[in-house]
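Subject: Structure for you to look at

Hello,

I am handing over the structure that I have been working through, and I would be glad if you could read the notes below with the model open beside you.

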Amino acid sequence: MTPKPRVPLAALLLITILVAAVAAEDKTVETLRREVATKGWVVTSIKQKRGDWDLVLMRPDGSKQRKLTDTPEWSEAAPRWSPDSRRLLYRRIKAGTVISHDRWGFQGELVMADAMARNGRVMGKHPWGCWSPDGTQISCLSLKGIEILDVATGKVKRRMKRAGYFQQLFWSPDGKWFCGTANVGGELWTIVRMDVATGKWNVVSRFRNCTPDWFPDSRRVIFSNRPANQKGYGWTQLWMAPGQGGQRKMLYGEDGRHIYGGGLSPDGRYVLFTRCPKDGGGSERSGAPGGLMRLADAPIIGANSPALRKLHPGAHDGPVLALPDLWEPHWTFTDVTASR
Amino acid sequence: MSESTTPETDPAKDPSSTDPESVRNGSAAARWILLAVVVVVAIAVTVATGVRSGSSNNAPGGTVAATPGQAGIQGQVTTAGRFEVTAKLMELPGAFLPNDGLYNYAFVLKYEVLEVHRGGDDVGKIIHVAHYNPRKTRSEVGDEFYPDLGGTVDRFRAGDVHRLAMEEPWDEHYIGPLVDRYHETTGKRLYWGIWSNAVGEER
């Protein structure tokens with residue numbers, strides 16, 4: 001008489017399928033990793049054990065990390081390379097200050113340095129300082145309105161009304177537009193696009209949005225949004241929309257994570273973001289696990305997220321390349337480590 | 001000796017004596033005392049009437065427990081901003097958003113002005129005031145971004161009377177999210193609330 005197997009056949013089959021699925025996912029993630037590993041560099045802020053934030057350079061897959069700053073008395077935050085990747089703007093904030101995930105542009109001072117964060121020059125407060133397309137000017141957002149500074153002289157060249165903008169003002173790569181978070185008609189946290197030449201503006205996305213940024217084509221905007229169609233507080237997701245407004249599209253969502261820090265690779269094919277278990281993007285604590293995905297794979301839904309999957313039945317499961325805990329990453333294809 | 005309890009009293013200095021001269025002196029003193037009492041009472045009545053009439057003139061919707069004028073003067077309420085009023089919070093237009101320290105915002109509230117202390121004729125009878133992080137007590141509302149805010153108001157309740165120090169236009173003093181449930185009210189003047197002291201509550 002043949003003894004009955006101790007593990008039923010169905011269970012074995014299930015385990016085999018699960019192992020195969022995990023292996024397949026690993027393979028797709030590995031493919032993504034190899035695809036981006038040598039595509040330039042990412043600069044980001046990483047919280048140090050001693051409590052401050054330093055700028056860290058890494059490959060887009062998270063490898064070859066090296067500190068660009070090492071200053072226990074200061075936190076360096078929100079770095080952005082100039083359009084030619086020869087210089088770097090970031091904020092210098094006194095160590096011990098809790099960095100606000102949505103008001104960091106008002107904190108500390110703006111610093112301009114070379115691409116490797118050397119020879120930094122403190123420029124002053126200049127809230128939300130952001131490069132112009134040719135790197136000769138910087139836009140700022142403050143109570144006074146939108147100011148455009150001449151980098152060479154440090155003088156204000158132009159001042160515009162801020163039209164409801166209150167945070168996160170970013171200049172489009174083609175120089176024609178601003179995007180930012182604004183008060184519009186009693187609604188909070190609305191993403192607005194403004195024509196730099198005329199000051200005319202339009203709504204990109206209404207209701208509970210923040211941290212917008214431009215696609216390289218200057219036609220689309222990436223932003224975080226916490227939609228109303230969720231139970232309770234809900235989860236913040238990564239979305240995109242045309243600059244002129246209209247059909248929005250979710251890029252990445254995951255029940256149990258708040259998705260912030262959305263940014264594109266220079267060619268617009270890859271998306272960087274952070275997955276924070278608590279709302280706020282991680283700057284108030286120790287950063288949040290970074291992620292990288294292909295734009296072509298969007299929308300992707302992470303983890304089980306059953307409610308979200310019902311809303312987006314066609315969403316993919318991945319691949320998403322996990323990056324270290326970080327905050328506000330920025331990507332260049334230029335080899336900034338080379339002597340230039 | 002039951003006739004007198006003060007047998008040692010000199011009959012000549014006894015006020016109850018029937019001596020005509022002492023009767024005349026006693027009557028004069030009594031008149032002076034009575035006059036003084038009348039004057040004091042008259043002054044008290046005048047002052048009380050004046051204050052009462054001032055209150056009712058300034059509070060058409062009802063009287064308030066504390067009165068405008070000197071009430072609510074604490075902290076920087078008399079010096080902060082260009083405008084200072086005593087005003088009644090007319091209503092709460094819906095619930096305040098959560099304020100867990102992560103998100104900060106200002107919330108627009110509607111007031112009926114009872115008395116203008118500073119700012120003159122520029123201040124209308126109905127005003128709208130943007131209060132920063134309204135879930136927080138005013139004594140704890142100041143932060144890294146808006147350190148000059150303060151006051152004694154612990155929480156905002158419809159009908160309460162506040163002494164407010166304010167600025168205008170609001171967006172030259174505050175840059176941040178604004179919850180404005182009166183956004184469809186055209187032509188309203190919106191002030192930035194700097195200092196908010198409790199004066200009393202509507203009876």
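Predicted model: local features only at pLDDT ≥ 70, side-chain atom pairs only at ≥ 80, totals over all residues.

One of the salt bridges joins the side chains of A:Arg50 and A:Asp70, with 2.7 Å from N to O. A:Arg50 sits in the loop between strands E1 (41–47) and E2 (53–58) of chain A, and A:Asp70 in the loop between strands E3 (66–67) and E4 of chain A, so the pair ties together parts that are 20 residues apart in sequence. Strands here are DSSP runs of E with at least two residues, and helices are runs of H or I with at least four, numbered from the N terminus.

Next comes the interface. Contact (heavy atoms within 4.5 Å) involves 21 residues of chain B and 23 residues of chain A. The two chains bury about 1800 Å² between them, 63% of it on carbon and sulfur atoms; buried area is the accessible area (1.4 Å probe) that two parts lose on being put together, summed over both. On the chain B side, B:Leu102, B:Tyr103 and B:Ile175 lose the most area to chain A, together 40% of what that side buries. Between chain B and chain A the count is one salt bridge, formed by A:Arg103 and B:Asp143, whose closest N and O atoms are 3.7 Å apart.

Now to the empty space. Rolling a probe the size of a water molecule over the atoms shows where such space is left. On a 1 Å grid over the protein atoms alone, a cavity is a set of points where a 1.4 Å probe fits but cannot get out, a pocket is an open set with protein on both sides within 12 Å along at least five of seven lines, and lining residues have an atom within 4 Å of a point. Grid points are joined across faces, edges and corners, and a volume is the space filled by probe spheres set on the points.

The largest pocket has a volume of about 660 Å³, and among its 34 lining residues A:Arg80, A:Trp81, A:Pro173, A:Asp213 and A:His330 are the closest to its centre. Strand E24 of chain A gives the largest share of that lining, five residues. There are five cavities of 30 Å³ or more, and the largest cavity has a volume of about 90 Å³. Its lining includes A:Arg80, A:Tyr90 and A:Trp131, with E5 of chain A giving the most, three residues.

Finally, some backbone details. Most residues other than glycine have a negative phi, and most peptide bonds are trans. The bond from A:Ala298 to A:Pro299 is cis, with omega near 0°, and the bond from A:Gly318 to A:Pro319 is cis as well, with omega near 5°. A:Ser305, although not a glycine, has a positive phi of about 40°.

Best wishes

Methods. Residues numbered from 1 in each chain as written. Chains lettered and ligands numbered in written order. Heavy atoms only, no water. Salt bridge = Lys/Arg side-chain N within 4 Å of Asp/Glu carboxyl O.
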